[in-house]
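Hello,

Here is the structure I said I would pass on. My notes on it follow below.

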Amino acid sequence: MSVIRLKTPLGDDILDLHAGDRVELSGTIYTARDEAHMRMMEEKIPFDPKGAIIFHCGPVVSDGRVVAAGPTTSARMNSLCGFLLDAGVKAFIGKGGMSGDVSSLMRGRAVYLAYTGGCAALAASRMKLNGVYFEDLGMAEAIWEIEVDNLPLTVAMDAHGGDLYSEIMDSAQKSFRSTFCPG
Amino acid sequence: MYSVLCQILYPQNPVQWKNILQGEYHCINWIKSVNISAVIPMLRKKVADAAEKAIREAEIKLPVDFIRAFEKTMARETREIAKSEYSNIVENIRQAEKLGLPLCQDTGLHIFYVTIPPEVPFTEDIFLGIRDGVERATESIPLRPNAVDPLTRHNTGNNLGIETPSIHVSPGKKFTITAMPKGGGSENMSRMAMFLPSEAGKIKEFVAETMLISGGRPCPPVVLGVGIGGTFDSVTAFAKEALLEPVDEMTGYEQEICDAVNNLGIGPMGLGGDTTCIAVKVKKGHCHTASLPVAVNVQCWACRRATVEVEL
């Protein structure tokens, strides 16, 4: 399968991506979990959100370097991400996908990129730490500005309503019913 | 000598001292520690050293039996997206070992299984030593501080807290500490239920349903620890202890449950595929004639555990 290369800040070329595409991403990303989203809503987004990428991640950081940085469950941010899309954020990176509501909000303007859950050492080996915001929220919840080099990702939700997760889960439901609840 | 002691302690209750003689290891060890055992110098520090070592090994390198089972599972996968998820996982396992970094940023909440031989006194030093080991490992590896108060959500900062790490002790030939750091994502998807004695046939469905509810959230491909029998509390312990068993072998029953889960097609990370479950491990215990407790402990692909012998 061919790999599409992406660079930040993202532009409208992300509209050409389709659920199932493989991409490799280079450039700047910002980590944010629940607390950081709430703080950004209360105060302001501490970086330029135009074409930016939010990484749902609480990394382990030590001595100015990223030690481990895999994705966290994105669904926790379902109700917290609308303002970021309105501000120009063009992609989320995380695991497990986001809700149908978020998929609607992303239509025509953003994509969801899946990074393999748990692959924190691989991510860390391709990351350079560039800064931090809201450090008082603690290591996991602060916003870390990170430069990534060829991070391997899968387009799991595209900007046209395509959603790999819901496709797979619909078919899992059917398979479960036919095995355990026949007739 | 014990029997004399027990008769002194429980003169009116021969059943109780008989139980102590037959099975109540802790009590016997208490008696031994009070009466006959030698004090082991620096026991707390020795335990801390072993615990820290076990945590480090578990966080950075996956067990050999797991790697064998994982490779077998990966070889069966046919879906392209799933294959690229596997190649990320393989590269991650390689990088973690090469760089000496934790496999996953969720370095887990800490669980320990300790075996104590007869010559080691069962004292508080064992518990304190393990806590020291966790605190040190949090700094030295480093680990993400994950332990928080359940209601205020205040983070203790050192992975220690009330009743955490949880420490399970049993008698053994060697003095060993097994570290099992457990991630939150997969633990969150774990379930238990009380079935009717006539419903043993529903266990497979319950396990498959657990993964149907979970989807990609527990980071599949998973290992599923299934506890069957016992009581409300012990069945969940069985489910977790099942994860300590070698995952590169399954009984026919375990394989049958594993196949049912894989039929769902959830695949690595919920992105679809032939392989959702690497192995199912069942641990059972006798239960009340009116009961059939069942528990499923979901373990993500980072099936972390390591055993270290305490050097005395």
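Two residues are in contact here if their C-beta atoms, placed from the backbone, lie within 7 Å. Please keep in mind that this is a predicted model.

I began with helix α7 of chain B, which covers residues 124-140. This helix has 17 residues and reaches 24 Å from its first C-alpha to its last, close to the 24 Å expected at 1.5 Å a residue. The buried residues of α7(B) include B:Ile126, B:Gly129, B:Ile130, B:Gly133, B:Val134 and B:Ala137. An α-helix has 3.6 residues a turn, so residues three or four places apart point the same way. What do the buried residues of α7(B) pack against? Within chain B, they pack against helix α4 (43-60) and the strands β1 (109-116), β2 (166-171) and β3 (176-182).

Next, the two chains. In chain B, 41 residues are in contact with 43 residues of chain A. On the chain B side, α6 (80-99) and α9 (203-214) are the elements that give two or more residues. The most comes from α6(B), with 11 residues. That side divides into 20 nonpolar, 15 polar and six charged residues.

Last, the nonpolar cores. The largest has 114 residues, and among those with the most contacts inside it are A:Val111, A:Ala124 and B:Leu224. Strand β9 of chain A (residues 143-157) supplies the largest share of this core, nine residues. Leaving aside residues up to four places away in sequence, A:Ala124 touches A:Val66, A:Val67, A:Ala68, A:Ala69 and B:Leu101. A second, separate core has 27 residues, including B:Val47 and B:Phe175.

Regards

Conventions. Residues are numbered from 1 along each chain as its sequence is written. Chains are lettered from A and ligands numbered from 1 in the order in which they are written. This is a predicted model: local features need pLDDT of at least 70, side-chain atom pairs count only at pLDDT 80 or more; totals for chains, interfaces and linings use all residues. Helices (H or I, at least four residues) and strands (E, at least two) are DSSP runs, numbered from the N terminus. The expected span of a helix is 1.5 Å times one less than its number of residues. A residue is buried if 20 or more other C-beta atoms lie within 10 Å of its own, exposed if 12 or fewer, and partly exposed in between; C-beta atoms are placed from the backbone. Ala, Val, Leu, Ile, Met, Phe, Trp, Tyr, Cys and Pro count as nonpolar, Asp, Glu, Lys and Arg as charged, and the others, Gly among them, as polar. A nonpolar core is a set of buried Ala, Val, Leu, Ile, Met, Phe, Trp, Tyr and Cys residues joined through C-beta atoms within 7 Å.
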